[in-house]
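I opened a notebook for this structure. These are my entries, in the order I looked things up.

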Amino acid sequence: MKKLISIFMAMTILMGVFIIPVSGADDKLAGNSSGNIVNGYGKAVTSDGWIYYVLQEKNSKDYNTDSIYKIKIDGTQKKRIYYSDEAFNYIGDLNIIGDKLYFLEQTIYMTNKAINETTFNVINTDGSNYNTLINGMKEVMNFTVYDNTVYYIVNEKEKKELMKMDLKTKKKTKMDNVVAKFDKKWKTSNMFSYGGISVVDDCLYYSILMTGFFSWGSNTEKAAKKIAGYYKLDLKTNKRTKLEGIIGSGDYLFRDTMTTVVSDGYIYFGQEQNKGWGDYSLYRMTTDGKNKTEILTDIKMKCFNVSNGWIYYCAGDTVSKQSIVKIDVNGKNKKTLVKNIDVSNINVVGDWIYYTQKVNGEKILKKIKTDGTKSATVK
C-alpha cells in the first residue's frame, strides 16, 4: 500500500511576507502539516480561526465535484469559496500562506469532454482572484508550499522527479531525478516511484519506493538496494542523505511502505512485514536517521497521521471494517475513536479530525473531536 496521490503555525514577518499562523503545522513557513498532505491527501487545513476543507457535491451536470468550504472553528460563518459547475474533479493538497489558499485539482471531465488534467491553483481565502499556477500535469502529488516555494512529486512513467517552483518567479527546478537515471541506466520502467514529501525546518524528506521486482541476486537488484529508502535533502546546501533503507527478504525483495510523516523532530513511517501482505509495523526515528523505534507491530494499517504528540491511524481486517485509533507517540494510551467504517484519509486540524468515509459507494465527509466526541457529518 503506497500512499501516493498531500498547513501551518506562528505569525512572523519574513523577507517581507506576512505569515498567518496555521494550526498543527510542523514549521512556521509551511502551508499544511506533513501528515495532512502525505497521508490525508490535504483535504483540510486550519488557519487564523478558520477551517478550510474539501467537500464532494453534485453539480448541475450531475457530476461529483469537489468544492472548497471554510467555516469558523466554532462552527459559524460557513462559506463556499471554490466550486465548479462544469467539472467532474478531485481537489486536495490544501495549503495556506497568509491570505492565499493553494490547492491541487484533477479534472476528469469538463462539460462532457474528457480532460484528465491536473492543475495547481491559488485563490484568496475569501474566494476571490482564482489563478492557475501550473497546468498540463498528470501523475503528480504531495504539493507542499514552504517559504514562497511549492515542492511536489512527478511520478509519470517516463518522468519521475522531485520538483520545486518559485511562487513569485514561476521558475521550476528539478530537485532529484535519481529514479529516472536508474531506469535509463538499467533499462527498467516503473520499478520505483517517489513517496510522499515533507518539508520541515529547511529540509525536504521523501522516500523512493519499490513498485516492481528484480531477479534475486542480479546486478539490477544490487543497484536497486542502493536507491530504495528514506532521504533527507538540506534545502540550503542541497546535501542529500539516505536515512534508512527499505529492504525486505523472503518472497519479495522490497517491503511495501507507507510514506513518511515528519513531526516534532521525528520521522514516522510504516513498513510491511514479511508475515503477510498488508501487515504493517509503524516506526519512528529522529530526523538524522537515528534512534529507530517500533511503535506499532503487525497491524493492517491503511493510513496514519501525527499531530501534537498523538498518532491517528485507520486499521482493520477488511476495507469496510476499519477503525480510527489514536495512540501517543510512545505507543501508549491507545483509544478507538470510530469503529467499522470504510475510511480513506485522516486530516487533523486543531482538535478536529476530518476523514472521508465511503457509504453505499458515496464518499461522505465526517468529522470528530480528537478526544472521540462530537462525531458529525460535514455538509
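**Entry 1: confidence.** I began with the elements of the protein: strand E1 (residues 12-14) has the lowest mean pLDDT, 24, and strand E6 (residues 79-82) has the highest, 97. I noted that pLDDT is the predictor's confidence in each residue, from 0 to 100. Helices (H or I, at least four residues) and strands (E, at least two) are DSSP runs, numbered from the N terminus. This is a predicted model, in which local features need pLDDT of at least 70, side-chain atom pairs count only at pLDDT 80 or more, and totals for chains, interfaces and linings use all residues. Residues are numbered from 1 along each chain as its sequence is written, and side-chain values use heavy atoms, with hydrogens and water left out.

The protein averages a pLDDT of 84. I found that 86% of the residues score at least 70.

**Entry 2: the core.** I looked up the largest nonpolar core next. It has 27 residues. A nonpolar core is a set of buried Ala, Val, Leu, Ile, Met, Phe, Trp, Tyr and Cys residues joined through side-chain atoms within 4.5 Å. Buried means under 20% relative accessible area, exposed over 50%, and partly exposed in between (1.4 Å probe, protein chains only). Which residues have the most contacts inside this core? They are Tyr151, Leu162, Phe192, Tyr194, Leu204, Tyr206 and Ile208. Among the elements that give two or more residues to it are strand E12 (149-156), helix H2 (178-186), strand E17 (203-210) and helix H3 (219-225). The largest share, four residues, comes from E17.

**Entry 3: aromatic rings.** I counted rings of Phe, Tyr and Trp (its six-membered ring) as a pair if their centres lie within 6.5 Å; planes under 30 degrees apart are stacked, over 60 edge-to-face, and the rest tilted. The count comes to 15 aromatic pairs. Why is the pair of Tyr102 and Phe120 stacked? The ring centres are 6.0 Å apart and the planes lie at 10°, so the pair is stacked. Tyr102 is in strand E8 (residues 100-110) and Phe120 in strand E9 (residues 113-124), 18 residues apart. Both Tyr102 and Phe120 are buried.

Phe120 also pairs with Phe143. These rings are stacked, 4.9 Å centre to centre, with 25° between the planes. Phe143 is in strand E11, 23 residues from Phe120. Phe143 is buried too. I noted one aromatic cluster formed by Tyr102, Phe120, Phe143 and Tyr152.

**Entry 4: charges.** I looked for salt bridges (a side-chain nitrogen of Lys or Arg within 4 Å of a carboxyl oxygen of Asp or Glu). The structure holds nine. In one of them, the closest N and O atoms of Asp202 and Lys236 are 3.5 Å apart. Asp202 lies in the loop between strand E16 (198-200) and E17, and Lys236 in the loop between E18 and strand E19 (240-245), so the pair ties together parts 34 residues apart in sequence. Asp202 is partly exposed at 24% relative accessible area, whereas Lys236 is exposed at 66%.

Glu244 and Lys292 meet in a salt bridge at 2.8 Å, N to O. They are 48 residues apart. Glu244 is buried at 18%, and Lys292 is partly exposed at 37%. Lys292 also lies over the face of Tyr283, 4.5 Å from the ring centre. Here a charge sits over a ring if NZ of Lys or CZ of Arg is within 6 Å of the ring centre and within 35 degrees of the ring normal. The charged end of Lys78 sits over the ring of Tyr69, at 4.9 Å from its centre.

**Entry 5: Lys302 and Val319.** Lys302 forms a salt bridge with Asp342, with the closest N and O atoms 3.3 Å apart. Both Lys302 and Asp342 are buried. Which residues does Val319 touch, not counting those up to four places away in sequence? It touches Lys302, Ile341 and Asp342. Val319 sits in the loop between strand E25 (310-315) and strand E26 (322-328). Val319 is exposed, at 52% relative accessible area.

Methods. Contact = heavy atoms within 4.5 Å.
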